[in-house]
Each structure stands twice: as structure tokens, then as C-alpha cells.
Amino acid sequence: MAPSLPPPPLIEDVTDEILLRLPPDEPEHLFRAALVCKTWLRTLCDPGFLRRYRTFHGTPPLLGLLHRLQVLEGPPARRFASTTSVPDFPHPSSGDPWERALDCRHGRVLIYMRTDDNADYLVWDPVTGERHGVPSPDIDWLIESAVVLCAADGCDHLDCHGGPFRVVFAATHDYKDTIFASVYSSETGVWSVPVCLDKSCEVFAQHMREGLADRPYYTPYLQPRRGTLVGDAVYFTVRWGNPIVKYDLGKNCLSMIDPPAEDVYYVSLMVMENSSLGFACTRDSSLRMWSRKVDTEEAADWVQYRVIELEKTIPVANPDDIPVVVGFAEGVGVIFISTCIGLFMIKLNSGLVRKVGESGVYFSVLPYMSFYTPGMILALACLWACIFFTASVCLLT
């Protein structure tokens with residue numbers, strides 16, 4: 001019987017196309033492929049291939065979560081909870097009891113973390129480990145929210161590691177009935193002159209009047225939830241009636257928008273598939289979502305486009321358990337719902353439900369999204385390849 005011949009090697013172009021289709025939301029596939037042979041390792045290390053890989057898959061995958069709990073619940077555990085097979089990234093905790101994560105976007109995490117005398121915020125890249133201290137704006141504020149975003153011109157946000165960034169800081173003033181915003185640039189190292197939203201804004205004044213009717217000491221508390229970036233504008237929510245504050249990056253101005261639903265506490269702003277602003281909340285056991293439709297004359301209306309019955313989707317311990325929406329991951333169409341059973345994510349396009357956290361009083365979920373191909377995984381692959389090669393040589397000798 002003739003000995004069987006080894007299979008012919010794959011054509012290089014075919015190999016590239018196969019590797020190109022490895023799913024980015026499970027990075028261990030790339031790690032394993034890099035260990036197959038030197039040819040595959042070189043391919044996966046090639047910058048040109050990595051650019052093609054990111055372009056082919058488009059939106060960066062969801063790699064993990066950070067959490068914000070209710071204020072009375074105290075600070076959450078200082079950890080980056082992975083949603084893939086990748087181990088948790090080491091959290092850059094300083095041990096400060098006031099430390100809290102504020103935002104995750106464009107491959108970066110923004111943390112309030114008094115790093116030294118000149119920096120109260122930390123911009124951290126979990127994949128590369130890069131860290132930048134950011135000073136606090138020199139304004140008295142009571143309650144804040146902030147967004148970190150890539151500032152590179154023409155960036156497609158598929159590989160923002162190492163580039164310039166901005167931090168949009170919005171807050172309720174400590175002793176004035178105003179909301180203000182300021183922007184920090186990593187290129188200049190300074191904050192912009194703050195812009196304010198006060199009673200001169202018609203919508204703002206309306207909410208002040210309505211608030212004063214039954215709350216003598218009404219203050220426009222900006223919700224310390226994750227802000228939402230839509231186009232060239234950042235959106236935040238305000239307590240009492242859920243009005244939405246819009247900061248226009250290009251015009252450097254603040255304005256206020258009426259919400260589609262006022263009588264709910266837990267809400268989440270979203271980025272819709274058509275790049276419009278979305279609004280989600282839960283009522284009873286249903287998840288309700290709206291999209292803000294803007295016409296050519298700048299008039300806008302909220303349109304309810306979807307309702308999901310959660311009692312048929314997410315397990316509950318008892319009928320009195322009311323699910324609440326606590327976050328959204330843009331680009332991948334994932335929304336986060338908290339119940340007394342745990343924290344769940346729902347993929348809106350498929351209806352797939354997955355538990356991603358234990359039960360807790362979640363206030364806001366911060367999804368971290370990035371391609372985990374450069375640097376760490378491929379460096380580990382090279383390291384393991386060298387170890388494997390060295391061990392093989394030692395065994396043979």
C-alpha cells in the first residue's frame with residue numbers, strides 16, 4: 001500500500017481570505033492561528049493584513065464591560081469584565097475610593113482617578129496599556145458626565161490606538177442652575193472655555209418651570225450616565241423628566257431636546273442604524289425604543305420603532321421583578337438589561353440573549369469595543385512560538 005501523501009499547501013491568497021474571516025469577537029482564534037506556522041504568524045503580524053481585517057469586519061467587537069452602580073451602592077468592583085474568552089484586562093486602579101469609570105469609546109476608557117497632583121482623570125487603552133493623565137476642568141461642578149473620543153482627522157475609528165483624543169465634560173454647576181460643557185484636547189493639553197445652558201434656553205426654562213411647580217429646590221441634575229456620540233454631537237440626559245442635553249462639537253454650543261418619554265427613570269440613549277439619536281426605556285415588562293427623525297428644516301419628531309416583550313426574552317425570579325435598561329453598545333446593536341437575576345445583553349438584530357453579569361443595582365454599563373489584533377495578542381503569539389521552538393530544540397538535543 002502506497003504511503004499517503006501530505007495535503008498540498010494552501011494557496012497564499014486563499015489562506016489570507018480564510019484568516020480574514022476569523023471572528024473578531026473571539027480573539028483567541030487569531031492567537032491559535034498565529035501558532036500554526038511561521039507563514040500564518042507573518043500574515044497576522046502584517047500591518048496591511050490587519051488593516052484589511054478591520055475594514056472587512058467594520059465595527060470593532062465588544063470585548064468587555066465596566067460598570068457604574070447606584071451612588072448608594074458604593075463604587076463597583078475595579079475590574080474590566082471580559083465578554084470574550086480573553087482574560088480580564090488588568091485594571092489601572094489607584095485605590096482611590098472615589099475612583100469611577102465614566103466612558104468607553106474608540107478603544108479608550110475614561111476614568112476619574114486622581115493619578116497625581118496635576119491629573120484627576122485617566123485615559124487608558126486596555127489593549128496597548130497606554131495611559132494619559134487629564135487635569136480636571138477648573139470649574140465648580142456638582143455632578144458630571146464625560147465622553148472620550150478620537151480626535152484624528154478622517155479616522156474611521158477601527159484602529160484609534162495611540163492617536164490624539166478629546167474629552168467632552170458636561171456637568172451641573174455646583175451652586176448655579178446651569179449645565180456647562182468644556183472640551184479637553186490631548187494635542188493642546190488644555191480645556192476650552194466652558195459654554196453654558198441656562199434659563200435663556202426655552203426647553204430648559206420649561207423644565208425649570210415644571211420642576212419648580214412641585215420641587216421648590218429644583219436643580220437640573222445631569223445624569224452621570226454614559227453620554228452618546230452621534231455624528232458631531234454628544235448627548236446626555238438630565239434628571240426629572242429626562243430632557244436631553246446636546247453638545248454640538250462643531251458649533252461649540254449646548255441645547256436641550258424634549259424626550260419621547262418623561263415618566264421613566266432608567267433610560268439609555270442610543271445610536272440608530274441610520275445614524276440618528278435613539279432613546280430606550282422599559283415600561284412594565286417591555287423594552288421600548290424611539291428614533292429621532294430630523295427633516296430638512298431641522299424640525300424633529302420621535303418615532304417609536306420597536307417594542308420587545310422582555311418577559312418572553314429574559315428570565316425573571318418573580319412577576320414583580322421589573323427589568324431596567326442600563327446601556328447600549330453602538331455599532332453592534334447590543335442593549336443591556338438588568339434584572340434581579342443578573343445583567344443581560346440583547347442583540348437587537350437576532351434577539352440573542354446572553355447573561356454578562358451577576359445581579360446588582362446597575363446605573364450605567366460602559367461597553368468597551370476594540371479590535372484586539374495588534375500588539376498584545378500577536379506579541380503573545382510570537383512569545384509562545386519562541387517558547388515552543390526553544391522547547392522543541394531542547395528536547396531534540
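Me: Taking buried to mean under 20% relative accessible area, which residues of helix H4 (residues 47–57) are buried, and within what arc do they fall?
Reply: In this predicted model, the buried residues of H4 are Phe-49, Leu-50, Tyr-53 and Arg-54. On the other side of the helix, Arg-51 and Thr-55 are exposed. Seen down the axis of H4, the buried residues line one face of the helix, because they fall within an arc of 135°.

Me: Which residue caps the N-terminal end of H4?
Reply: The backbone nitrogen of Gly-48 has a side-chain oxygen 3.1 Å from it, and this oxygen caps the N-terminal end of H4. As for what comes after the helix, H4 is followed by Gly-58, whose phi is positive, near 75°. The residue that supplies the capping oxygen is Asp-46.

Me: Within what arc do the buried residues of helix H3 (residues 38–45) fall?
Reply: Leu-41, Thr-43 and Leu-44 are the buried residues of H3, while Lys-38 and Arg-42 are exposed on the other side of the helix. Seen down the axis, the buried residues line one face of H3, because their directions fall within an arc of 160°.

Me: Which residues does Tyr-247 touch, not counting residues up to four places away in sequence?
Reply: Tyr-247 is among the residues with the most contacts inside the largest nonpolar core. Not counting residues up to four places away in sequence, the residues that Tyr-247 touches are Val-168, Ala-181, Val-183, Val-195, Asp-232, Ala-233, Val-234, Asn-252, Cys-253 and Leu-254.

Me: Which residues are linked with Arg-226 in a network of salt bridges?
Reply: Asp-103 and Arg-105 meet in a salt bridge of 3.1 Å, N to O, and both of these residues are buried. Glu-330 and Arg-226 also meet in a salt bridge, and both of them are buried. The residues linked with Arg-226 in the network are Asp-103, Arg-105 and Glu-330.

Me: Is Glu-17, which meets Arg-21 in a salt bridge, buried or exposed, or in between?
Reply: The side chains of Glu-17 and Arg-21 meet at 2.8 Å, N to O, and Arg-21 has a relative accessible area of 46%. Because its relative accessibility is 33%, Glu-17 counts as partly exposed.

Me: What is the nearest side chain of opposite charge to Arg-225, and how far away is it?
Reply: Arg-225 is found in the loop between helix H5 (202–214) and strand E11 (228–230), and its contacts beyond four places in sequence include Ser-145, Thr-237, Tyr-265 and Phe-363. Arg-225 is buried yet has no salt bridge, and the nearest side chain of opposite charge is that of Asp-103, at 13 Å.

Definitions and conventions:
Residues are numbered from 1 along each chain as its sequence is written. This is a predicted model: local features need pLDDT of at least 70, side-chain atom pairs count only at pLDDT 80 or more; totals for chains, interfaces and linings use all residues. Side-chain values use heavy atoms; hydrogens and water are left out. Helices (H or I, at least four residues) and strands (E, at least two) are DSSP runs, numbered from the N terminus. Buried means under 20% relative accessible area, exposed over 50%, partly exposed in between (1.4 Å probe, protein chains only). Lys and Arg count as positive and Asp and Glu as negative; His and the chain ends are not counted. A salt bridge is a side-chain nitrogen of Lys or Arg within 4 Å of a carboxyl oxygen of Asp or Glu. Contact means heavy atoms within 4.5 Å. A nonpolar core is a set of buried Ala, Val, Leu, Ile, Met, Phe, Trp, Tyr and Cys residues joined through side-chain atoms within 4.5 Å. The arc is that of the directions from the helix axis to the C-beta atoms. A polar contact is a pair of N or O atoms within 3.5 Å; within protein, one must be able to donate a hydrogen and the other to accept it, and residues adjacent in sequence count only if both atoms are side-chain atoms.
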